[in-house]
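My notes are set out as numbered points, so do open the structure alongside them.

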Amino acid sequence: MSGDEAEKTLREWATQEVNQQHLCITFSEAQHFELKSGLMHLLPTFMGLESEDPHKFLKEFHVACSGMKPHAVTKDQIMLREFPFLVQDSAREWLYKLPSGSITTWTEIVKLFLEKYFLETRVSSLRREIIGIKQGKREVLHTY
């Protein structure tokens with residue numbers, strides 16, 4: 001331990017500068033853009049549970065954002081800025097673990113999100129279910 005470190009007070013140790021890792025999303029500069037906290041409770045949330053449907057979450061989020069159109073701000077910018085507030089629990093942990101500054105577009109985050117939460121096993125299961133469909137003996141064609 002150097003002489004300077006040995007002489008630090010407890011307050012100095014407690015208030016050391018911490019290098020904060022930046023979020024994975026790189027935001028473009030948007031003028032006159034503010035997220036209204038009163039509207040946040042109207043937006044869907046996603047926790048990363050197996051029972052949650054990531055496609056449904058993205059659709060609900062898209063519908064909610066369609067009603068917001070601040071001047072000179074694109075819908076993608078709105079969605080990128082709001083997304084970190086809507087993921088919770090394990091989904092938020094996943095977002096925080098992505099490399100700093102690695103996401104610049106809405107398309108990129110959707111791709112990563114679906115790769116993580118719409119598992120290939122679920123796709124395979126749905127595909128098998130569709131391929132294996134059979135019309136019942138007394139089932140009429142239009143209900144089949």
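This is a predicted model: local features need pLDDT of at least 70, side-chain atom pairs count only at pLDDT 80 or more; totals for chains, interfaces and linings use all residues.

At what angle do the axes of helix H4 and helix H7 cross?

1. Residues are numbered from 1 along each chain as its sequence is written, and side-chain values use heavy atoms, with hydrogens and water left out.

2. Now the helix pair. The axes of H4 (residues 54–66) and H7 (residues 106–117) cross at roughly 155° and come within 10 Å; axes are lines fitted to C-alpha atoms, for helices over the stretch in contact, and angles run from 0 to 180 degrees between N-to-C directions. H4 is therefore roughly antiparallel to H7 (under 35 degrees counts as roughly parallel, over 145 as roughly antiparallel, 65 to 115 as roughly perpendicular and the rest as oblique). On the H4 side, Pro-54, His-55, Phe-57, Leu-58 and Phe-61 make the contact, and on the H7 side Trp-106, Val-110, Phe-113, Leu-114 and Tyr-117; contact means heavy atoms within 4.5 Å. By class, this contact has 9 nonpolar, 1 polar and no charged residues (Ala, Val, Leu, Ile, Met, Phe, Trp, Tyr, Cys and Pro count as nonpolar, Asp, Glu, Lys and Arg as charged, and the others, Gly among them, as polar).

3. H7 also packs with helix H5 (residues 75–86), at an angle of about 45° and with the axes 9 Å apart. H5 and H7 are therefore oblique to each other. Asp-76, Met-79, Leu-80 and Phe-83 of H5 meet Trp-106, Ile-109 and Phe-113 of H7. The residues of this contact divide into 6 nonpolar, no polar and 1 charged.

4. Next, the aromatic rings. The count comes to 13 aromatic pairs, where rings of Phe, Tyr and Trp (its six-membered ring) pair if their centres lie within 6.5 Å, and planes under 30 degrees apart count as stacked, over 60 as edge-to-face and the rest as tilted. Phe-57 and Phe-113 form a tilted pair, 5.6 Å centre to centre with 50° between the planes. Phe-57 belongs to H4 and Phe-113 to H7, so the pair ties together parts that are 56 residues apart in sequence. Phe-57 is buried, at a relative accessible area of 3%, and Phe-113 is buried too, at 0% (buried means under 20%, exposed over 50%, partly exposed in between, with a 1.4 Å probe and protein chains only).

5. Which residues do ring pairs link into a cluster? They are Phe-46, Phe-57, Phe-61, Phe-83, Trp-94, Trp-106, Phe-113 and Tyr-117. Lys-116 lies over the face of Tyr-117, at 5.9 Å from the ring centre; the rule asks for NZ of Lys or CZ of Arg within 6 Å of the centre and within 35 degrees of the ring normal.

6. Two single residues deserve a look. Leu-98, in the loop between helix H6 (89–97) and H7, is buried with a relative accessible area of 12%. Leu-98 and Cys-24 are 74 residues apart in sequence, yet 5.6 Å apart in space, C-alpha to C-alpha. Asp-89, in H6, has a phi near 50°, a positive value in a residue other than glycine.

7. Finally, the whole chain. It has 8 helices and 0 strands; both are DSSP runs numbered from the N terminus, helices being H or I of at least four residues and strands E of at least two. Of its 144 residues, 26% count as buried.
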